[in-house]
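Student: I would like to take a close look at a single part of this structure, and I would be glad of one connected explanation.

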Amino acid sequence: MKAPNCGPYPDFLDLANTLTDEQKLVQSSVRDFVVKEIEPRIQKAWMNEEFPTDLISKLGNLGLLGSNLEGYGLPGMDNISYGIVMQELERCDSGVRSFASVQGALVMYPIHAFGSEAQKQEWLPKLGSGEAVGCFGLTESYGGSDPGAMLTKAEDKGDHWLLNGSKMWITNGNLAQVAVVWAQTGSGIRGFVVPTNSKGFTAKKMEGKLSLRASVTSELYFDNIKLPKDAVLPKSEGLKSALACLTQARYGIAWGAIGAAESCYDEAVNYASDRVTFGRPIGHTQLVQRKLAIMLSRITQAKLLIHRLGALKNEGKLHFAHVSMAKQNNVEMALEISRTCRDILGGNGIMIEYKAMRHMCNLETVYTYEGTNDIHLLIVGAQITGKQAFGA
Ligand SMILES: Cc1cc2nc3c(=O)[nH]c(=O)nc-3n(C[C@H](O)[C@H](O)[C@H](O)COP(=O)(O)OP(=O)(O)OC[C@H]3O[C@@H](n4cnc5c(N)ncnc54)[C@H](O)[C@@H]3O)c2cc1C
């Protein structure tokens, strides 16, 4: 009997055996790319609070932007392959995975799902290749958990739309050539495709984040922006269209969190075998072995959950509550594991030379964005009880 794979890329239940050749190829090629092209630079980028922009075209050339979308020159990968892409990118850094998530799930997906043929032709090839960057403007300063309370509005002026308002916490805002902006209209909330060089559009980088530092986060301001009538996403209908985008992105986050957790687990296992106290490696002590065993157990459970979600998504049977359970469970798991890794590393755990604290700080954002941990528990709670506990 073969011993279970406990690392450095742990696969205790041999899930690799359930992957197709294509999925295995995606995994190995993204791993190679991450190790060679991103890992060596990520600490510096994180410390300098910048996203390494030369990666954008490389991500595009490898088909890692909007990789589960079809047509318009896009790769059309299955949803498990797409998840593996997110996992491997976040193994390096949540900011890198966030870039790809926003571009694919929050900008390309709504154009693909709700856009006109002209919008698709204009933007999808450029966004897929990385020639253009997009951002997704939903959250406003009054509270991200309640996006329906947004104040940004687009008025129908007959021959054009007039967009006014502001957004905050917008990933890629200062890098973007196009923003998908959600605004109140006379017929409910709708999505708009807004080129960022429109007159009246301003993006302001939010400085001083102690989390997700290798990712650009911005405030967006819309001051009497005149948009053509065809700027609206014609098939967007109310807040549910914006939430459908979030379901896509949250699915990728639930995969990505596993990558961050595996990176911390790997670091903790190595450190525990090298670090000697009281004459023996700390990995030989019962307490540290207990911590490592719980880490591997929780990673394995999270993987089982997300692989099942991948199968459901491939079959077109994925419900948003499935995604809420996985986003909440997997991100909480990853955050706990990063903290335990930091603990096992002792004082060294606080240093940037190690990965634990960078992942831990990043995961504080991942725990909160795209629906906070508690909001996802309440979404599952509403499925259980039939009563929605958030909202008036
Ligand atoms: C780095 C970063 C990048 C982001 N990128 C984007 C982006 O690209 N585009 C975008 O649109 N947004 C983005 N966001 C915004 C993100 O989605 C919001 O921060 C998130 O939804 C939470 O909203 P909030 O920060 O306003 O917190 P709030 O909604 O004010 O929540 C504060 C606390 O109250 C709790 N809470 C709120 N309501 C309830 C309730 N009814 N019952 C119980 N508890 C409740 C929450 O769980 C949380 O603990 C980003 C955020 C960050 C930090």
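How many Å apart do the C-alpha centres of domain 2 and domain 3 lie?

Tutor: In this predicted model, the C-alpha centres of domain 2 and domain 3 lie 30 Å apart, and 12 residues from domain 2 and 12 residues from domain 3 take part in the contact. To place them along the protein chain, the domain assignment gives 134-238 as domain 2 and 240-385 as domain 3, with domain 1 at 15-129.

The size of an interface is often given as the accessible area lost when the parts come together. Here domain 2 and domain 3 bury about 930 Å² between them, and 62% of that area is on carbon and sulfur atoms. On the side of domain 2, the residues that lose the most area to domain 3 are Ser211, Leu212 and Glu237, which together account for 42% of what that side buries.

Between domain 2 and domain 3 the count is 1 salt bridge, while 8 residue pairs, with both residues at pLDDT 80 or more, are found in polar contact across the interface. If you sort the residues on the side of domain 2 that touches domain 3, you find 5 nonpolar, 4 polar and 3 charged, and this can be read alongside the 62% of the buried area that is on carbon and sulfur atoms.

Methods:
Residues numbered from 1 in each chain as written. Predicted model: local features only at pLDDT ≥ 70, side-chain atom pairs only at ≥ 80, totals over all residues. Heavy atoms only, no water. Domains from an automatic or database assignment. Contact = heavy atoms within 4.5 Å. Buried area = accessible area lost by both parts, 1.4 Å probe. Salt bridge = Lys/Arg side-chain N within 4 Å of Asp/Glu carboxyl O. Polar contact = N/O pair within 3.5 Å; in protein donor to acceptor, adjacent residues only side chain to side chain. Nonpolar A, V, L, I, M, F, W, Y, C, P; charged D, E, K, R; others polar.
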